Amino acid sequence: MPGGPAAVPSKITRPLCRDIFPRNRLFTLLDTLSDKPALWISGPPGSGKTALVSSYLEQADSACIWYQIDSEDNDPATFFYYLAKGAEQAVGHSLAVPPFTAEYFENPLSFTRWFFELLLAGFTKPVVFVFDNYQELPADSVIHTITDTMIGTFPPSCRLMIISRDIMPKRLTRRKLNGRIGSLSWQDLRLTREEAAGILTRSGPVPENRITLLHEKACGWVAGLLLLASELEVTGSTDMKTTGLSNEDVFSYFAAEIFERQDTTTRNFLLRTSVLPHMTIGMAKKLSGVKNGAEILLALNKRNYFVAKRPGIKSNYQYHPLFREFLLTLAQKQLPEGDLKNLREKAGILLRDSGEIEEAATLFIAAQSWPHLIGLILEHAGRLCGEGRIRPLMEWIETIPEEIRAGAPWLLYWLGTCRIYLDPVNSMPLLEKAYSRFTRQHDIVGMLLTWASIVNSILLKFGSFSPFQQWIDEFAELEQYLDDQPFQIKAPVIVSMLYALGLASTDRQLFDKWAEKGNHLIQQDIDAINKAHTFNLLIVKNTFRGDLADADYYLMLFRSFDRASQLPPFSRIQLKNCAAALAWLSGRFAECEQEGHAGLQIAETSGVHLYNHYFWGQLAAGALSTGNLKQAEKYLAHMAGCMDRMRPWEQSFFHVLATWSALLKQNSAQAVMHARKGVELIAVMGTTVNNALIYLGMALACNLADNHAEADNYLQLSLKTGKESGDRQTEFSSLLAGAWFSLQRGNHRSADDYLQQAMTIGRKKGYINGYFWNNGMMEQLCHRALEVRIEEIYVQELITSRNIMPPPGGILLENWPWKIKVYTLGRFSLLIDNQLVTFSRKARARPLELLYALIASGGRNVSKEKITTYLWPEALGDAANSSFSTTLQRLRKLLTIPEAILVQHETITLNPRLFWIDIWAFERFISTASTLSTDQIEEKFLLLEKASSLYHGSFLEEQENPYWLYTMRERLQKKFSRISLQIADRLLQKQASRQAAQFLEKVMTIDPGNSELYQNFLNYQQET
């Protein structure tokens, strides 16, 4: 750009105040109001408001951010952009503050709080913000609300001074009533006679009668005083009839008088330069053609003829608003229309070349200089969009006549792209027209970028994703040109294609091809937002497919990128959503809670609430996975509150979770209702992403409602859909559901087949959680898997990682990964988490005796009195109780699990959900065998053989035989003798005398003193 951009825009520079009379009376008043976070200074134009504030701040030890507001600043993105620039000018370096981009449109107030928190962190001394010309904002402007938020959140070190011609807007009156806004009115601003004298005598002595006359005629109005003084000086007339005229009329009258007395060159200079909102000397010369323009400006400024000077690399001059309005009105009357149009166009070029593009655009529009406006738009549109300043960009494009706009595809592209965020439905026709025109022109870059914007438009509008497929197909011809493009073109196209394929296509190979492009993209130096989108897409798709290890890998990279890049809030929200989803699916529930709430906190701080329903959903899924129904209901209620802004496929996610919740509550009617709503949404979603889950939820709901045929149909649909989409995690959950259905109906062969498939997938993928997880169901399925030894090691790891409790009857499974295992038959061993516990006898003697006594007494509902009698027979009352409590505490510490021993109503129980004790299994095998009929003889003796295999010797035979062991020892010995003979008899019945003898010989080595077994052994030997 010729000359390069201006170092500091003039609208954010404070006017210089040299040779201005100091209004100490008002300075004192301002000091008394310094405890107010904000100050409203209002008065008519020309009443000295700007000069007052500027001269006051010149002596203050504060950083100043001066903002001269105009109509363009009604756009929040522009407003925050210039606030940031003004702050950077004040501190002398760049600040890490975010632009007000599209994601903040819904909640500018949260953004305001966050923006100022970041901005003020860059200052080391008090800060004063000045909003000059505040009256330029419309009455309904959102900037009033932003200003109100600023005033409400400013720390004591900050102050806002608002300069306006108008009264305070209604939006701010509450702050005034609350005492947070002080005010200076026109009555305060009116000049006293002393102040009028001070101003009039700055250049030399003035007669007292003249001061009195001018002061009375001006009525305290600064501009009027200066005009009247100039008129009196030139004409000497005292016949000044101003009664009944407004200040503006008085100004125009005397300004005309002064203007007419200037020479032709000066008049020409003033008229021509009035089209510039501000100017350097060089700009003024070029526009006016007057060589001595510098002398004219300096002279006007020195004589206080309403020309203000603003500092910068090149000093800027600016006519007082009243004076400029007068000159512009005069220019429209005196200059030919063509000349005025040319002046505006030339002024626009000068401003454009100095980097003042908003003012340049305004002048190009006024001049109807469409080629120059189009050039300006096309040069700066990308940057303006990146800064969130899409509203002014849209307005500029929309001022261009339709017949010109329709033939300019890049204008259609930028207008459509801007509308994506404000009006996504109506952005599509514009983008389609742009794409058609680019295609006819064979403009490859235009086609690629417009294609990406069309996909974004489909993505952001509320409705079906079905249009994606048309544009996926359309890209087939365009793809050949992509590899030749730079990454700034490739990146948005790859991101858009990944979104389209991820949501609408079932072609796994095609997605994988583009995922590889995405994987290459994240290794390049591209813009942070597109890189974050790519990470997000790769994590989400791998998570949906159940490739959790790959998803974790990309999440690690995404986190590293975030730490290195200071990502904007929306990208960090995407990161937190990915982390929360992956955490609960991977069984890291505390991490899910942490990441979910962290994401919601970022949303609250920044005002970006686009993903709130996702966060509530992830949190609900985590709570449902752990059976925390109360917490899950709370999260689901929050998610339901976002329903009006959720697209159909997002609504289906809610119904999946609500179905899950109803299933856990055993509420079949509610489960079926939510599941059916999910199924109904499939027709309008335009994506297959959630289909397998929806069908699975319907299958489980129908099963709970005893509609088995429909349950089976939906289960098969879920399995088919999951396999087609490559969703292994849903396939895993569906196979578990199939095993559950079969097990409930007594079809063990089918259950085992489903279980084998599910557990094989689970082992290969490392799954420890999934949608519709139900601890009650998983207890039964894991029990069955271990019973028939399906993927035994994986199932044990699954039980341990999810802390799955054994179901009733689980004691029969020694291969269940019990928290505590105790072997007492022939040996004593204590295993905690399958690790042998070693201890010195002396250190653990008493706690172990307590454990022996509890086991010897059956381990369930053992009276405390019995135990104290066994272990402390000589202790009385409180002493026995104290010994018991101390020993119990030591035993719990030894076992490392406090809830392993339950004490209630003076009885003690070894927790059967945590303990596996060999004598419990031994007796349960025997009792279970005794319940079987004669038709189940083989099953009966299989159970007896399992019982026999547990008996390796007498109960606690290494102990010193306290009397309370005898009963249990004898009982178990008798049972062992009885079942051993039963097994031997059964072998004889099967004509296996030798095996019977060998069996008894083995048994006798275990219990050598058993005479009954010995006699039978001799008999079997004789028969053999």
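Predicted model: local features only at pLDDT ≥ 70, side-chain atom pairs only at ≥ 80, totals over all residues.
**View 1. A four-stranded open sheet.** The strands line up in the order β10-β9-β8-β14, with mixed pairing. At the edges stand β10 (835-836) and β14 (915-917); each has a single partner strand, so one side of each goes without a neighbour in the sheet. Zoom in on β9 (residues 829-832) and β10 and you'll find them running antiparallel, joined by 2 bridges. Leucine 831 has leucine 836 in β10 as its bridge partner.

**View 2. Helices packed on the sheet.** Helix α43 (residues 877-895) packs on the sheet and touches β8 (820-823), β9 and β14. Its direction makes about 65° with that of β9. Helix α44 (residues 918-930) packs on the sheet too, with β8 and β14 as the strands it touches. Here the angle is about 70°, taken between the directions of α44 and β14.

**View 3. Isoleucine 820 and its surroundings.** This residue lies in strand β8 and is buried, because its relative accessible area is 0%. Leaving aside residues up to four places away in sequence, isoleucine 820 touches Leu830, Leu831, Leu895, Ile897, Ala900, Leu914, Phe915 and Trp916. Asparagine 834 is 14 residues apart from isoleucine 820 in sequence, and the two sit 7.4 Å apart in space, C-alpha to C-alpha.

**View 4. A nonpolar patch on the surface.** Tyr421, Leu422 and Leu460 make up this one, and together they have about 250 Å² of accessible area. Leucine 422 belongs to helix α21 (residues 409-422). With 32% relative accessibility, leucine 422 counts as partly exposed.

Conventions:
Residues numbered from 1 in each chain as written. Heavy atoms only, no water. Patch = residues over 30% accessible without salt bridge, like charges linked within 9 Å, V, L, I, M, F, W, Y side chains within 5 Å. Areas by Shrake-Rupley, 256 points an atom, 1.4 Å probe, with all protein chains shown as cover. Salt bridge = Lys/Arg side-chain N within 4 Å of Asp/Glu carboxyl O. Buried < 20%, exposed > 50% of the residue type's maximum accessible area, 1.4 Å probe, protein only. Pairing = 2+ DSSP bridges. Contact = heavy atoms within 4.5 Å. Axes fitted to C-alpha atoms, helices over the stretch in contact; angles between N-to-C directions.
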